[in-house]
Amino acid sequence: SDEGARVLWYRDDLGECLMAQLRLAHRVSGVVQTVGATTGDIATYTVPANTSVTFQAYASGKDSSTNAVGNATVGAAKRAGGGAALVGAVVGALSVTDAALVGASVTVVVSGNLIVLRATGVALITIDWFGEILVWVN
């Protein structure tokens with residue numbers, strides 16, 4: 001959903017328009033369940049054509065005993081011409097995990113035009129995941 005949108009106009013001293021930027025803040029969320037050491041996509045966001053985006057992604061998972069795992073990630077991506085691509089590497093990834101869920105993880109990848117928040121489970125354990133991606137578009 002759109003959290004808000006605004007157009008920024010940059011003008012020279014004579015009032016001529018030099019550039020306009022449309023800034024949008026988006027939020028997508030989702031759930032997935034991993035059974036064993038499988039992967040599942042929690043949420044995806046389509047990077048608009050000819051833009052650069054900054055994103056924050058958060059995810060939490062729990063098993064039936066309420067053992068938990070949490071993750072926060074920050075990054076940037078761009079889409080110019082072809083598919084989307086990360087700008088540099090995803091940074092700021094922070095994960096915390098109860099001992100019973102060591103090995104469970106969350107990653108952010110770019111595939112095609114999508115930013116994907118992806119969970120990986122642990123052998124013999126079912127984990128229910130929730131997460132969201134917050135995106136600022138330039």
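Buried residues, meaning those under 20% relative accessible area with a 1.4 Å probe and only protein chains counted, make up 34% of the 138 residues in the protein chain. The model is a predicted one, in which local features need pLDDT of at least 70 and side-chain atom pairs count only at pLDDT 80 or more, while totals for chains, interfaces and linings use all residues. Residues are numbered from 1 along each chain as its sequence is written, and side-chain values use heavy atoms, with hydrogens and water left out.

**Overall make-up**

- The protein chain has 10 strands and zero helices, where strands are DSSP runs of E with at least two residues, helices are runs of H or I with at least four, and both are numbered from the N terminus.
- The accessible surface of the protein chain, computed by the Shrake-Rupley method with a 1.4 Å probe, comes to about 7,500 Å², and 56% of that surface belongs to carbon and sulfur atoms.
- Among contacts with a separation of 6 or more, 61% are between residues 24 or more positions apart, a contact being heavy atoms within 4.5 Å.

**A three-stranded sheet**

- Three strands form an open sheet in the order S3-S9-S8, with antiparallel pairing, where two strands pair if DSSP finds at least two bridges between them.
- S3 and S8 stand at the edges with a single partner strand each, so one side of each is left without a neighbour in the sheet.
- The twist averages 20° from one strand to the next, with axes taken as lines fitted to C-alpha atoms and angles running from 0 to 180 degrees between N-to-C directions.
- S8 and S9 run antiparallel and are joined by seven bridges, and the bridge partner of Ser 111 is Leu 114 in S9.

**Salt bridges**

- Side chains of opposite charge can pair when their charged atoms come close.
- Two salt bridges are found in the whole structure, each defined as a side-chain nitrogen of Lys or Arg within 4 Å of a carboxyl oxygen of Asp or Glu.
- Glu 132 forms a salt bridge with Arg 27, their closest N and O atoms being 3.6 Å apart, and this pair links Glu 132 in strand S10 with Arg 27 in strand S2 (residues 17-35), 105 residues apart.
- Arg 118 forms a salt bridge with Asp 41, with the closest N and O atoms 2.7 Å apart; Arg 118 lies in strand S9 and Asp 41 in strand S3, so the pair ties together parts that are 77 residues apart in sequence.

Key:
Buried means under 20% relative accessible area, exposed over 50%, partly exposed in between (1.4 Å probe, protein chains only).
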